[in-house]
2 protein chains.
Amino acid sequence: MTEPMIEPANNKKKAKAKVVKRAAGNAEQTKKNILSAAMHEFAEYGDSGARIDRIAARANANKSLIFRYFSNKEALYASALKEAYRQIRMGEEELELEQLEPYEAIRKLMRFTMEHYLKSPWFLRLLATENLRRGQTIENMEGIAGLQSPLITQLTKVLKRGEEMGLFRENVNPSNLYIIIASLFYFPISNVYTLPVVFGVDVGSSEWLEQHLRSSERMILAHLKK
Amino acid sequence: MTEPMIEPANNKKKAKAKVVKRAAGNAEQTKKNILSAAMHEFAEYGDSGARIDRIAARANANKSLIFRYFSNKEALYASALKEAYRQIRMGEEELELEQLEPYEAIRKLMRFTMEHYLKSPWFLRLLATENLRRGQTIENMEGIAGLQSPLITQLTKVLKRGEEMGLFRENVNPSNLYIIIASLFYFPISNVYTLPVVFGVDVGSSEWLEQHLRSSERMILAHLKK
DNA sequence: TTAAGATGTAACTAAGTAGTTAGTTGCAAA
DNA sequence: TTTGCAACTAACTACTTAGTTACATCTTAA
């Protein structure tokens, strides 16, 4: 039992029209609270460092509810990881590259990527944790297909249009391009605590980040140019 | 009985001139074994997941020796992190960019960086762990000055020479350039378990990596060009 | 009102886990 | 042989933690 247990409560929808309200509180809301608390906890402390008691406290729920709804710590972690991806992908869908002029679209994608990472440090932390686990969980996760980034679809169209307009060179692989763009922001943002010590550069400051964005834009656009 | 019991039998070696051997083993060697085992353990399981008992077992040492030599788990982690940086920096010093022609030097630096990450995954894992800890340990570490990457010194000279030769544009910041180069390899290598799921790209294969290196070289060199 | 199931809680347990302690062993100098 | 000491060890302690259980309370339907 990895996840679901959808609507365990309202089993009697039998007769009438009645807004079915669950007995003694609201199970769905409790589950959401637990999931949200779990995301925070696993992002903050990693898989081994996360504590069920803290999750319960943060969710205003009792520990045994966690086990009732999510079976065990591992399954809760899996649910939290999946929910994290779901939320991130939802954010990505808001981006509308397709109407923009190709150069502008790439610039917007880059700024969006940077700001996305800055706004969701918990997501980067979960990613780091899952890779430290060697992808143990994501590999066996059902419904991973839905995790595919919607950015790639949009980027594919932008590249095609840019190519047709004679702006971009041919055969640019959208996934590889996006990996390069993501790389440029993932590294400084996820290593914000160690890089200043090692390179003496304050990669967390908005000045550095803005300058890095401008520099990266120039580099990527030149790289795409026909 | 955890494991060892080194030489329980030959208790009377009294006789003559003998190479001075310390009582029942060798403290320095034991310390090294513990440190090496700790690096492995913390890289593998993270800070919370690491287990003192496993470190003791791997080092063929008794648990209480760990506390005698390293005080506590946190201090052991700090020692392991510092040793990890020391080893990585030693490897970096072998790189000799200064005699090479500027373009060639940049190419060599890029390949070296990629291969360095591939050869030392435990270092990337320790970095990820330390950033999950928000740099708690590296910030309070004595002797961090010695951690500064020797690559920056070499790169500075390469850039200066390239500029004088009219090959590179002016005022390229060496640290920022190196951060870009490191980014391009850090992201795919440290996310090798999640990226294939999300982008359907096998970023761990040598084919992908070689192609990524070539593509990155072109991009970086164009970006540096006058 | 009551039955029954859904929802919630505190107390408990079994298995770890970091750190300590009291003592043993091996070596070399006196 | 004796003594001093550093290296080493097994067993233990105090505490934490995932997971369980027995029980209480709430909601709805009959």
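Which kind of contact do the side chains of A:Lys31 and A:Glu28 make where they meet? Select these two residues to begin the tour, keeping in mind that the model on screen is a predicted one: their side chains meet in a salt bridge, with 3.6 Å from N to O. Both belong to helix H1 of chain A, residues 27–49, and because they lie 3 residues apart in that helix, about one helical turn separates them. Over all chains, a search of the whole structure finds 26 salt bridges.

Next, select residues 73–93 of chain A, which form helix H4, a run of 21 residues that reaches 30 Å from its first C-alpha to its last, close to the 30 Å expected at 1.5 Å a residue. At the start of this helix, show A:Asn72, where a side-chain oxygen comes to within 3.2 Å of the backbone nitrogen of A:Glu74.

Finally, select residues 206–224 in both chains, where helix H11 of chain A packs against helix H11 of chain B at an angle of about 115°, their axes 9 Å apart, in a crossing that is right-handed. Among the residues that meet here are A:Met219 and A:Ile220 from H11(A), and B:Arg218 and B:His223 from H11(B). The residues of this contact divide into 4 nonpolar, 4 polar and 2 charged.

Methods. Residues numbered from 1 in each chain as written. Chains lettered and ligands numbered in written order. Predicted model: local features only at pLDDT ≥ 70, side-chain atom pairs only at ≥ 80, totals over all residues. Heavy atoms only, no water. Helix = DSSP H or I, 4+ residues; strand = E, 2+ residues; numbered from the N terminus. Expected span 1.5 Å × (residues − 1). Polar contact = N/O pair within 3.5 Å; in protein donor to acceptor, adjacent residues only side chain to side chain. Axes fitted to C-alpha atoms, helices over the stretch in contact; angles between N-to-C directions. Left-handed = near helix turned anticlockwise from the far one by under 90°. Contact = heavy atoms within 4.5 Å. Nonpolar A, V, L, I, M, F, W, Y, C, P; charged D, E, K, R; others polar. Salt bridge = Lys/Arg side-chain N within 4 Å of Asp/Glu carboxyl O.
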